[in-house]
Amino acid sequence: MSSSELIRVLVTQPFAPKLIQSIQSISSRLKIKHIPTKNPEDLKKYWATVEVLYTAKLVPKPEQAPRLSWIQAHFAGIEHLLKHPITNQVHLTTASGVGAKSIAEYVIGGLLSLNHHIPGFLEHQSKKIWSPKRLQIFVPSELQNTTLGIIGYGGIGQEIAHLANAFGMKILVTKRDISEPSINSWQFPNPSKIQQDLVAKLYLPEHLHIMLKHCDYIVAAVPLTEKTKHMISSSEFSAMKKGTVLVNISRGKVVDELALINALQTGHLRGAILDVFETEPLDVKSPLWTLPNVILSPHVSGLTPNYDQRAVELFANNLEKYLSGQPLLNEVNIIRGY
């Protein structure tokens, strides 16, 4: 790449003008085209010249974009993009880490809500009930001195560990590579020390069952791949001790939903906090809607008013690396699937 050659960048997300301006200010070599759209027809005339694409879902066919070199995804989950042939031919980077703080707060907030009977409080409030048995039915459970198992210790898992540590929880994690986390992952400008120093023990994925039997709470925080699909099913629930709480903020298909429902209905699990489901929207006939020990949300745990700003910061950082020929942050290993 010539140091003076123009780089045509196409952005399809509806970013505010000031965010687009911040991208353009990185270098005079960048020629930014901002076409906020969900309609692929709106982009047809741009594909032939675009070199860098920022997108959530829309990607061209390989023959449409002969100059395309790099796709920056707007979200951390990119399994939908991997279905397109062109992602095997270009650099693909994710927004992993951008929603990590919000998701970590969601996880801890959900555990506190379940432990302190917030759903029950709201139900009683709506019916104007002051129960004479309140001192029995609303006894809380504390997070302090309990054990949290985090399945997947990337940026999200590390932020969860950071908050859980503040509540006095012992932290166990599974991680594919138990060496130091990759330097080529995006982090906040002043990251807390949330790596191995907070973890009591690291397990390889094949030792998941060993970890599960020690945990009071389990959080699924892995990407969806062929290897992680239904990685939590009947045998994993059996490995968990009675009274465990499951939190899923990864992808719905990581958990076998029928096995989860059975574990909840039989009382083996004390509860579940679910932001993702095998089929979304969740079927109105699903028992999960009405189980009293479940807190549901419609796949929103990673949302934050700061998402676009942080996503653009990541993109800007990667653009600078692209211009100077350095390795990109959050680059996907296509064979591994994340």
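**View 1. Arginine 67 and glutamate 5 form a salt bridge, with the closest N and O atoms 3.4 Å apart.** A salt bridge here is a side-chain nitrogen of Lys or Arg within 4 Å of a carboxyl oxygen of Asp or Glu. The pair links distant parts of the chain, 62 residues apart. Arginine 67 sits in the loop between β3 (52–55) and β4 (70–73), glutamate 5 in the segment before β1 (7–11). Helices (H or I, at least four residues) and strands (E, at least two) are DSSP runs, numbered from the N terminus. Arginine 67 counts as partly exposed because its relative accessibility is 43%; glutamate 5, at 32%, also counts as partly exposed. Buried means under 20% relative accessible area, exposed over 50%, and partly exposed in between (1.4 Å probe, protein chains only). This is a predicted model: local features need pLDDT of at least 70, side-chain atom pairs count only at pLDDT 80 or more, and totals for chains, interfaces and linings use all residues. Residues are numbered from 1 along each chain as its sequence is written, and side-chain values use heavy atoms, leaving out hydrogens and water.

**View 2. Glutamate 159 meets lysine 101 in a salt bridge (3.5 Å, N to O).** Two helices are linked: glutamate 159 belongs to α5 (residues 155–166), lysine 101 to α2 (residues 100–115). The partners are 58 residues apart. Glutamate 159 is buried, at 8% relative accessibility. Lysine 101 is partly exposed, at 30%. The whole structure holds six salt bridges.

**View 3. Glutamate 123 and lysine 127 form a salt bridge, with the closest N and O atoms 3.2 Å apart.** Glutamate 123 is partly exposed, with a relative accessible area of 42%. Lysine 127 is exposed, at 53%.

**View 4. Ile118, Phe121 and Leu122 form a nonpolar patch on the surface.** Together they have about 260 Å² of accessible area, computed by the Shrake-Rupley method with a 1.4 Å probe, where only the protein chains shown count as cover for residues. Patch members have over 30% relative accessible area and no salt bridge; nonpolar side chains (Val, Leu, Ile, Met, Phe, Trp, Tyr) are joined within 5 Å, like charges within 9 Å. Phenylalanine 121 lies in helix α3 (residues 118–126). Its relative accessibility is 36%, so it counts as partly exposed.

**View 5. The largest nonpolar core has 32 residues.** Such a core is a set of buried Ala, Val, Leu, Ile, Met, Phe, Trp, Tyr and Cys residues joined through side-chain atoms within 4.5 Å. Ile151, Ile232, Phe237, Leu260 and Leu288 touch the most other members. Two or more residues each come from α6 (208–212), β9 (217–220), α7 (234–239), α8 (257–265) and β11 (269–274). Helix α8 gives the largest share, five residues. Beyond four places in sequence, phenylalanine 237 has contacts (heavy atoms within 4.5 Å) that include Ile232, Leu246, Val255 and Leu260.

**View 6. The peptide bond from glutamate 280 to proline 281 is cis, with omega near 0°.** Proline 281 lies in the loop between β11 and β12 (294–296). Two histidines have positive phi: histidine 117 near 60° and histidine 230 near 55°. Most residues other than glycine have a negative phi, and most peptide bonds are trans. Histidine 117 is in the loop between α2 and α3. Histidine 230 is in the loop between β9 and α7.

**View 7. Residues 189–194 have pLDDT below 50.** The score is the predictor's confidence in each residue, from 0 to 100. The chain averages 94, and 93% of the residues score at least 70. Where pLDDT is low, the predicted coordinates should not be read in detail.
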